[in-house]
Amino acid sequence: MPSLSRRGDARLTAPYDRRTDGLDGRRRDRLGLIASVIANDGQPFVARVERALRLASEMLGFEAGLLGRIEGGRYTVMVVHAPGYGTEPGSALSLDETFCSLTISRSDVVEIPDASRSPHRDHAARRRLGTQSYVGVPVFVDDREWGTISLRSSQPLDRPLSTDDHDLLRLMALWVGSVLEREAHEHELAEASDQLRAVIEETPIVLFGTDADGVFTLSEGAGLATLGLEAGESVGRCIFDMYPNASTALRCVRRVLEGDAATWEEKIGDAVFASRARPVRGPDGGVTGLIGVSLDITERARSRRALAQSEARFRALSDATSEGIAYVSQGRVVDGNDQLARLFGYESLEGVVGLPASELAAPEYRELVRKMTLDNNTDPYEVVAVRKDGSRFWAEIQGRPAATGSRAERVTAIRDVTARREAEEQRTFQSDVLAQVSDAVMALDLEGRITYWNGGAEVLHGLTSVEVIGRPLAEVVTYLLPELGQITDDAEAALQSEAAKEGNLIFIDPHGVRRFVSVSSSALLDSDGGERGMLAVSRDVTAQRQMSAQLLHQATHDALTGLDNRILFRQRIEQALVDDVPFAVYFIDLDRFKIVNDSLGHEAGDKMLQAIAIRLRNALAHIEGAVIARLGGDEFGVVASTPYPDELGRDLLHALEPPVDLGSRTVSPSASIGLVTHADRYDSPETVLRDADTAMYAAKKNGRGRLATFTGAMHQEATLRFRLEQDLSFAAGLGQIVPHFQPIVDLETGAIAGFEALVRWDHPERGVMPPALFLSLAEETGAIADIDRWILKRTCEEVSTWGAEALDSMAYVSVNCSDKTFLGEGLVAYARQTADDTGLNPDCLVLELTERAVVDLEAAQSVVAAAHDKGLRVAIDDFGAGFSSLGLLHALPVDGVKIDRSFVSDLENSAPARAVVRAVVRLSGELGMRAVAEGIETPGQLRALREAGAHFGQGYLFAKPAPSEVVREMFTVTPWVDDWDRWINGAPAQVGTHLADT
């Protein structure tokens, strides 16, 4: 017979014509690529980059895509998509051998559509690498050129790239650069953390912080003891009120709060502190406070004063001192000692004499030296000094006027304090780092006395270092070993126990609160390798343990009711079987619970489930060891050891019967219970649950709201099911599997737009069976593939008999496929061959895949592409009911979607349902896909779909699925034509009286 074709209805066929798609194909591909780039689907970064390179290469017409690192003049391939191109990650070559050198020189997109016709025809990239077309874009990391993203081919481009294509490549480069920048920063932070490997020695410091008004927010450190304070005692008090006479300190604090860092020294009482502070800024850049550290330098200050006195007393002995002594007159060096010459790198003192004293300092400090000299300053200060060879060092300068004969001179002592400055800076840095360490660090000597106690230890144990240093650990800390169940006297042994390593050691703080700690301990060694004590680092793992316990509880308990879940219930049964104690198992399923959910909403359904859980607990409270679980949905399970299992089952039924107040309504629940007695005689939890489930279904079958005990008769019913399995295995071969057809209607005109073929089993004994009664069985037994192929073949054969006039009046016929068949091998080829064999135009044949098939998106994409190559179409059935989402339509280029009946049924009363339908219809239209609404049963739903912009639909309002011979008559007389005007205008109409219903 002649080949069949569709009617030339532009509005019906346009959504499936990919060449006349309403949305530009390249734009759609760019959207898909952008979605692929920005989607964080859990894949490694390299895999995501490789995928983006592949999509970009395919979209823009290139053979290869590369992400390359450029360092100096070297180009190294980092990520590559180049099938058959011979380039691997790690390959390196000279940058000048690639067109990427042009990209780097321009710092922007460089495109070479045809190198042979460009000024770069003799470039090494073309001569040696065979690159004929190229486009590249630089990748920036921390505002520096890191490398390039490039696409290349051995053939010229068909046409130059567009501005949008260039912008797409810039977007890819921006994304790659931002990820690399973030990873680099994270790596730097990790390296900084790893540098802290040992504990710094104790030093008398004070760590402090204030808010923007100078009110202390932090006050910690051993140096507080010198001030007569304890940790945290100053918090909440203002620094300007506590130390009104500390003029230098307060001046510097104001300076820091104005935005500048500051360093100062201040005498407070008998102590001298050297301090340094920096501002703390908020998200808007404004100063919100400061943080600083103070070091007790009392002894150093005393030493400096004593030194100044000694220098004045023994000025005649200046040549014997290790410091440089300079005599300055009228701003120039007139004399000094030999150490002065050595200090500044001169062979003799003659090289220094005559130099301006200020020029011994670095240029940025010379004005300070001049000022100190003119002011006759006698206090020491520090500057950066410059040696003869230009090298620099930190120098401490202290001078005083001295009368020598008739000239007024100034004697100045100069000391190299570089090592001290570096040590102080290192100690300050270590102190700052230590302030950020939350772990408790302690050190013990060989006698078990505490020699070190950091801030983390103070926080964990609630004791300051002043309180514990020098005391035996056992006097300070109380540990409890779980395996002993009691407090241990050997605290050192507890720190080294397995319990401490595993985070099971319990520490009891001064308030009696118990905390779990994890401890890492090691021996402290001296310079000769001898043991000098122990170092222990403790971490409070109480929160982690609580979180682990919470996660374990969530994994084994139902979140809604707090009962055991199916996993834990199975374990309970398994343990009961091991214990070999008689017990019974009850499988409880609420009757008609779906009606509560559908009519009153899921919130009401949840309230009922919670009420049922409470009633079960109360009903079983008197039975020791009874276990209750929510197995899923409206199913519950009970394990109980009772001599009267039937009586207990009836008690459970009665306990569930009283009405439940759900707020808007009061509902009287009932349940069907399946009982397995003597469950201890079973071999596995699975068989116990299977038989309890079987008994529960027997209770439902016998009228619901009752108890059924598993018996051999139920086993016989299972045997009948086995016979059904056997019959099903031969059904297709015997011609019992047949297609019924339901029309798909143009919702604007009421005309037939196509048909959906739905499988039926014409069983010789049971009559025509709907798919719900056998398809799940077919999937379990593996017969589903044969059924899918058979129904596809029968559909094509039946449709081909309808005649050319009938076929010209419809656009297509769709056939459902199971996910296993769709993703399996050979379906697409079989469908095309069947269409050819029956004379059906393959463009009229639509394969409908289920949502489960798109779980493996990559496999689904491959099959859809193969179907398109064969001239077939693909649609997603029941869209929105399960795994699918609007985002899927970008990733899977199908030709149509079937809007699930759950949205259609709610259209008249649900604004969210209407919004979802409008969104699906609009997006599918923009992507060139046909949207068909399923399950139209009322004229109100029809009108709502028309208002939402839907063009096609099907459902019992028009016709039920019918055999082929009934469908033929629809082409002569459309059954619903007389009702159409009343439906769309709001007049009532009967449903289910059309031709197909006969």
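Tutor: Contact means heavy atoms within 4.5 Å. Keep in mind that this is a predicted model.

Student: Which residues does Ile984 contact, leaving aside its neighbours within four places in sequence?
Tutor: Start with its place: Ile984 lies in helix α36, residues 980-985. Set aside the neighbours within four places in sequence. The contacts of Ile984 are then Leu942, Arg943 and Arg946.

Student: How far apart are the C-alpha atoms of Ile984 and Arg943?
Tutor: Arg943 is one of the residues that Ile984 contacts. Along the chain, Ile984 and Arg943 are 41 residues apart. Their C-alpha atoms are separated by 5.8 Å.

Student: Is Ile984 buried, partly exposed or exposed?
Tutor: Its relative accessible area is 23%. Buried needs under 20%, and exposed needs over 50%. Ile984 falls in between, so it counts as partly exposed.

Student: Let us turn to Phe393. Is Phe393 buried or exposed?
Tutor: Phe393 is found in strand β15, residues 392-404. Its relative accessible area is 2%. The cut-off for burial is under 20%. Phe393 therefore counts as buried.

Student: Which residues is Phe393 in contact with, leaving aside its neighbours within four places in sequence?
Tutor: One of them is Thr418, which is 25 residues from Phe393 in sequence. In space, C-alpha to C-alpha, Phe393 and Thr418 are 5.8 Å apart.

Student: How do the residues of the contact of α26 with α29 divide?
Tutor: α26 passes α29 in a right-handed crossing. From α26 come Arg789, Leu792, Lys793, Cys796, Glu797 and Ser800, and from α29 come Leu827, Tyr830, Ala831, Thr834, Ala835 and Thr838. They divide into 6 nonpolar, 3 polar and 3 charged.

Student: How are α19 and α23 oriented to each other?
Tutor: Helix α19 spans residues 566-579 and helix α23 spans residues 685-701. The two pack at an angle of about 110°, with axes 9 Å apart. The range of 65 to 115 degrees counts as roughly perpendicular. So α19 and α23 are roughly perpendicular.

Student: What handedness does the crossing of α19 and α23 have, and how do its contact residues divide?
Tutor: The crossing of α19 and α23 is right-handed. α19 brings Arg566, Phe569, Arg570, Ile573, Glu574 and Leu577, while α23 brings Pro685, Glu686, Val688 and Leu689. The division is 6 nonpolar, no polar and 4 charged.

Student: Which residues make the contact of α21 with α22?
Tutor: The crossing of α21 and α22 is right-handed. The α21 side gives Ile612, Arg615, Leu616 and Ala619. The α22 side gives Leu652, Ala655 and Leu656.

Student: Which loop holds Gln330, and what is its phi?
Tutor: Gln330 sits in the loop between β12 (324-329) and β13 (332-336). At 82% relative accessibility, Gln330 counts as exposed. Gln330 is not a glycine, yet its phi is positive, at about 50°.

Student: What is the phi of Asp580?
Tutor: Asp580 is in the loop between α19 and β24 (584-590). Its relative accessibility is 56%, so Asp580 counts as exposed. It is a residue other than glycine with a positive phi, near 55°.

Student: Last, the whole chain. What share of its residues count as buried?
Tutor: The protein chain has 36 helices and 39 strands. Its accessible surface comes to about 49,500 Å², of which 49% belongs to carbon and sulfur atoms. Of its 998 residues, the buried share is 47%.

Technical notes
Residues numbered from 1 in each chain as written. Predicted model: local features only at pLDDT ≥ 70, side-chain atom pairs only at ≥ 80, totals over all residues. Heavy atoms only, no water. Left-handed = near helix turned anticlockwise from the far one by under 90°. Helix = DSSP H or I, 4+ residues; strand = E, 2+ residues; numbered from the N terminus. Nonpolar A, V, L, I, M, F, W, Y, C, P; charged D, E, K, R; others polar. Buried < 20%, exposed > 50% of the residue type's maximum accessible area, 1.4 Å probe, protein only. Areas by Shrake-Rupley, 256 points an atom, 1.4 Å probe, with all protein chains shown as cover. Axes fitted to C-alpha atoms, helices over the stretch in contact; angles between N-to-C directions. Parallel < 35°, antiparallel > 145°, perpendicular 65-115°, else oblique.
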